Amino acid sequence: MDFNEYQEAAKRTLYGNEQVLTNCAMGLAGESGQVVDLVKSYTFKGKKLNREDLVHEMGDVLWYLSQIAEWADIPFEEVAKNNIEELNRRYPSGFNKQD
């Protein structure tokens, strides 16, 4: 599945009114916070990082990102492609501390 296929499949579960963008932005913040909580519990509380939970929460983040792009009429693949192009410009040889 590519990014645009994901975006199209995900939008069937999009709901709401004129405040869809706000709802998605707030949902993104909440779900990102859940990813952070999993990492925090692993890092500072010595808990095992549950892969299944992490995949689930990352999927929720992905859904909200894709639907913000959908609302703005931006193909999700464009977001991913532009990000990789920027990373390649910024770090042409890959990341290193000198860059």
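User: Which residues does Val35 touch, leaving out those up to four places away in sequence?
Analyst: Val35 touches Leu54, Glu57, Met58 and Val61. Contact means heavy atoms within 4.5 Å. This is a predicted model: local features need pLDDT of at least 70, side-chain atom pairs count only at pLDDT 80 or more, and totals for chains, interfaces and linings use all residues. Residues are numbered from 1 along each chain as its sequence is written, and side-chain values use heavy atoms, with hydrogens and water left out.

User: Which residues make up the largest nonpolar core?
Analyst: That core has 12 residues: Tyr6, Ala10, Val20, Cys24, Leu28, Val35, Leu54, Val61, Trp63, Tyr64, Ala69 and Phe76. A nonpolar core is a set of buried Ala, Val, Leu, Ile, Met, Phe, Trp, Tyr and Cys residues joined through side-chain atoms within 4.5 Å. Buried means under 20% relative accessible area, exposed over 50%, partly exposed in between (1.4 Å probe, protein chains only).

User: Which helices each supply at least two residues of this core?
Analyst: Helix 1 (3-10), helix 2 (20-45) and helix 3 do. The largest share, 5 residues, comes from helix 3. Helices are DSSP runs (H or I, at least four residues), numbered from the N terminus.

User: How do helix 2 and helix 3 cross?
Analyst: Their axes come within 9 Å and cross at roughly 160°. Axes are lines fitted to C-alpha atoms, for helices over the stretch in contact, and angles run from 0 to 180 degrees between N-to-C directions. The two helices are therefore roughly antiparallel; angles over 145 degrees count as that, under 35 as roughly parallel, 65 to 115 as roughly perpendicular and the rest as oblique.

User: What residue classes sit in that contact?
Analyst: The contact of helix 2 with helix 3 has 15 nonpolar, 5 polar and 4 charged residues.

User: New topic. Where does Asp73 lie?
Analyst: Asp73 lies in the loop between helix 3 (51-71) and helix 4 (76-90).

User: Is Asp73 buried or exposed?
Analyst: Asp73 counts as exposed, because its relative accessibility is 70%.

User: What is the phi of Asp73 near?
Analyst: Phi of Asp73 is near 60°, a positive value in a residue other than glycine. Most residues other than glycine have a negative phi.

Technical notes. Ala, Val, Leu, Ile, Met, Phe, Trp, Tyr, Cys and Pro count as nonpolar, Asp, Glu, Lys and Arg as charged, and the others, Gly among them, as polar.
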